[in-house]
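Here are some notes for a colleague who has not seen this structure before.

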Amino acid sequence: GAMAALVEGSAWLDGEAHYRRAEFRDASEAWERAIRADSLFALAYLGLTDAYAWFDYDKYIENLRRVRTMAERLPARERAVALAHWAQYAASPDAIVTVREALQRYPDAAEAWYTLGELYHHDAGVMGKPADEEEAFRTAAGLQPTMAPYRAHLLDLAFNWYGDSARIARELDAYARLAPADERTRAGRVAVALAYGDSAARARA
């Protein structure tokens with residue numbers, strides 16, 4: 001009824017707001033509320049897939065499978081991204097093709113650019129150069145500049161590939177503005193202080 005729809009909509013928006021700040025557990029709790037109000041809310045299952053991917057692999061797979069079974073309930077753009085997620089999980093040799101096809105149809109789909117970056121980051125079969133990975137994540141972040149998760153691996157790249165203190169500082173500041181409470185922000189600040197700080201900064205770290 002109307003009350004269930006109100007709960008569903010409010011919970012969906014709460015989950016979206018938490019996810020943007022990289023508050024993945026809070027996002028998952030909100031989207032779980034949304035599907036309790038509507039067990040066929042496909043977009044909420046897609047959100048749960050994204051949130052659980054960061055901290056609970058079993059629930060990530062569980063929700064990804066649900067998304068696959070109800071893909072036809074998703075809008076066309078989100079369906080294309082969901083199928084790209086599934087191809088990545090299934091380690092399909094066509095995963096990169098699936099993502100690129102989604103990007104051909106929806107070149108402004110930040111989620112698809114992010115999925116491309118994830119493929120480069122995690123899948124040895126399609127692993128590109130750091131510059132390819134960076135381009136995908138930076139494009140996603142440019143399309144949705146308030147989405148902290150899209151900047152997370154840019155921070156990883158700055159630390160792990162480039163090791164440039166100025167680049168690290170820029171990426172850490174950009175991420176921290178969007179996700180001030182996230183563990184990556186805290187850990188990044190400690191790491192910067194230990195690696196590049198003076199004796200006082202190292203002692204505080």
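**Notes on the helix packing**

1. α2 crosses α3 in a left-handed sense (left-handed if the near helix is turned anticlockwise from the far one by less than a right angle, right-handed if clockwise). The contact, meaning heavy atoms within 4.5 Å, involves Phe24, Ala27, Ser28, Trp31, Glu32, Ala34 and Ile35 on the α2 side, and Ala44, Tyr45, Gly47, Leu48, Ala51 and Tyr52 on the α3 side. Sorted by class, these are ten nonpolar, two polar and one charged residues. Here Ala, Val, Leu, Ile, Met, Phe, Trp, Tyr, Cys and Pro count as nonpolar, Asp, Glu, Lys and Arg as charged, and the others, Gly among them, as polar.

2. The model is a predicted one, where local features need pLDDT of at least 70 and side-chain atom pairs pLDDT 80 or more, while totals for chains, interfaces and linings use all residues. Numbering starts from 1 along each chain as its sequence is written, and side-chain values use heavy atoms, with hydrogens and water left out.

3. The axes of helix α2 (residues 24-37) and α3 are 9 Å apart, at an angle of about 160°. That makes the two helices roughly antiparallel, the term for angles over 145 degrees. Axes are lines fitted to C-alpha atoms, for helices over the stretch in contact, and angles run from 0 to 180 degrees between N-to-C directions.

4. Helix α3 (residues 42-52) is largely enclosed by the rest of the structure, because nine of its eleven residues are buried (under 20% relative accessible area, 1.4 Å probe, protein chains only). The buried residues include Leu46 and Thr49, along with Tyr45 and Leu48, which also take part in the contact with α2.

5. Helix α9 (residues 149-162) and helix α10 (residues 165-178) pack at about 160°, with 9 Å between their axes. They are therefore roughly antiparallel to each other, and α9 passes α10 in a left-handed crossing. Among the residues in contact are Leu155 and Phe159 of α9 and Leu172 and Tyr175 of α10. By class, this contact has eleven nonpolar, no polar and three charged residues.

6. Overall, the protein has twelve helices and zero strands (DSSP runs numbered from the N terminus: H or I of at least four residues for helices, E of at least two for strands). Of its 205 residues, 44% count as buried. The C-alpha atoms fill a box of roughly 60 × 40 × 30 Å along the principal axes.

Definitions and conventions
Buried < 20%, exposed > 50% of the residue type's maximum accessible area, 1.4 Å probe, protein only. Parallel < 35°, antiparallel > 145°, perpendicular 65-115°, else oblique.
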